[in-house]
Amino acid sequence: MREERGLSLEELAELSGLSFRGLVYVEHGRRNAGVLTLLQIAEGLQVAPSQLLAPFDTPAAADIGDPHHGGK
C-alpha cells in the first residue's frame, strides 16, 4: 500500500510519526505491529485502519468455526 501511494519508507515514517527502522521491521515481517502502530501507519497512509487488515480477510477465515478445517 505504501508503494502504491508512491511513498518511501522515510516519507511514511515522517507522516506516521514512527521510526524508519520500526517500519522496516514491520514491512519485512521481522516485527508484528501493535494496534497503536497500525493506527499510526493508517494515519500516515491516509486510509482507514481496516484497509491495512483487508488482505487478511479471506474466505478461509470463514472456516475457523468449521471442525473439518481445524476450527472449534
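Mentor: Start with contact: it means heavy atoms within 4.5 Å. This is a predicted model, where local features need pLDDT of at least 70, side-chain atom pairs count only at pLDDT 80 or more, and totals for chains, interfaces and linings use all residues. Residues are numbered from 1 along each chain as its sequence is written, and side-chain values use heavy atoms, without hydrogens and water.

Trainee: Which residues does Leu-52 touch?

Mentor: Leaving out residues up to four places away in sequence, Leu-52 touches Met-1, Leu-38, Ile-41, Ala-42, Leu-45 and Val-47.

Trainee: Which residues form the largest nonpolar core?

Mentor: A nonpolar core is a set of buried Ala, Val, Leu, Ile, Met, Phe, Trp, Tyr and Cys residues joined through side-chain atoms within 4.5 Å. Buried means under 20% relative accessible area (1.4 Å probe, protein chains only). Here the largest has 12 residues, including Leu-7, Leu-23, Ile-41 and Leu-52. Helix 1, helix 2 and helix 3 each supply at least two residues of this core.

Trainee: What does helix 2 pack against?

Mentor: Helices are DSSP runs (H or I, at least four residues), numbered from the N terminus. Helix 2 spans residues 20–27, and its buried residues are Gly-22, Leu-23 and Val-24. They pack against helix 1 (9–16) and helix 3 (35–45).

Trainee: At what angle do helix 1 and helix 3 pack?

Mentor: Axes are lines fitted to C-alpha atoms over the stretch in contact, and angles run from 0 to 180 degrees between N-to-C directions. Here the angle is about 110 degrees, with the axes 8 Å apart. Helix 1 and helix 3 are therefore roughly perpendicular, a label for 65 to 115 degrees.

Key: Buried < 20%, exposed > 50% of the residue type's maximum accessible area, 1.4 Å probe, protein only. Parallel < 35°, antiparallel > 145°, perpendicular 65-115°, else oblique.
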